[in-house]
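Dear colleague,

Please find the structure below, together with its sequence. My findings follow it, and I would be grateful if you read them with the structure open.

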Amino acid sequence: MPVVRVHESYHRAPKGLTAKDEDRLATAAVARLRAQGYHVSCDEEFDTDDRPASYPPSSSSVAHIASRVREATTTDETATALTELTAPHDGVLTAIEEVLTATADFYDGLGEPSDPHIARRLRYLADEVLLTIRTDLSDSRNQLADRHAPHPGRSTCDQEVPANERERSAVCACPPPPRTLPAPPPPVAVGLRR
């Protein structure tokens, strides 16, 4: 159980466990932490060589796509990263659509008065909002793929440093990216609101 205090945070065993269950839980926690690469000091009775399989959360693969886009130096690299989001059969957005639809189906059978409304709203998100996002991202991806151009403000760093510098991290020989001001937003059509 997570415990968060003003100056510390830690985990504790749930109340009501037997001593045997507490020992089993502590041993499993040591194994999981070590499987993730943490150094764990513990009493000998909790020490274990077990390393349970661990799987990164799905969100980390999506975050990896964002980091690939941040590091991309060409339009092709960015288009390749966006393909994982927009692929029609196994892309991230297709998976999100499946989750929204499955959740809507779940709400349909719950029987509370508000459940049909929630199901319709989830289907609207899947059918309309997500479709708009997918269409816009796919169009952007396709435009980038057709350009085949380097990004003018990004270059691949070869980590070369001047001969008189001892540390790579101190000075990079790459020229700094040009500073550009953000483009102003497009004008908004003014009209009567209903």
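His148 lies in the segment after H5; helices (H or I, at least four residues) and strands (E, at least two) are DSSP runs, numbered from the N terminus. His148 has a positive phi of about 50° although it is not a glycine. Most residues other than glycine have a negative phi. His148 is also exposed, with a relative accessible area of 57%. Here buried means under 20% relative accessible area, exposed over 50%, and partly exposed in between (1.4 Å probe, protein chains only).

Two points on the basis of these values are needed. This is a predicted model, in which local features need pLDDT of at least 70 and side-chain atom pairs count only at pLDDT 80 or more, while totals for chains, interfaces and linings use all residues. Residues are numbered from 1 along each chain as its sequence is written, and side-chain values use heavy atoms, with hydrogens and water left out.

As to the chain as a whole, the protein chain holds five helices and two strands, and from the N terminus on its elements run β-β-α-α-α-α-α. Of its 194 residues, 16% are buried. Among contacts between residues at least 6 apart in sequence, 38% join residues at least 24 apart; contact means heavy atoms within 4.5 Å.

Helix H3 covers residues 75–86. At 1.5 Å a residue its 12 residues should span 16 Å, and its end C-alpha atoms are 16 Å apart, which agrees; the expected span is 1.5 Å times one less than the number of residues. The buried residues of H3 are Thr75, Thr78, Ala79, Ala81, Leu82, Leu85 and Thr86. Seen down the axis of H3, these buried residues fall within an arc of 165°, so they line one face of the helix; the arc is that of the directions from the helix axis to the C-beta atoms. Their cover includes helix H2 (58–71), helix H4 (92–108) and helix H5 (115–147).

On the H2 side the contact is made by Ile65, Arg68, Val69 and Glu71, and on the H3 side by Glu77, Thr78, Thr80, Ala81, Glu84 and Leu85.

Helix H4 has 17 residues and reaches 25 Å from its first C-alpha to its last, close to the 24 Å expected at 1.5 Å a residue. Leu93, Thr94, Leu100 and Ala104 are buried in H4. Seen down the axis of H4, its buried residues fall within an arc of 120°, so they line one face of the helix. On the other side of H4, Glu98, Val99 and Phe106 are exposed. What covers the buried residues of H4 includes H3 and H5.

Within H4, Leu100 has a relative accessible area of 18% and is buried. Leaving aside neighbours within four places in sequence, Leu100 is in contact with Leu122, Leu125, Ala126 and Leu130. The C-alpha atoms of Leu100 and Asp127 are separated by 9.4 Å, and these two residues are 27 residues apart along the chain.

With kind regards
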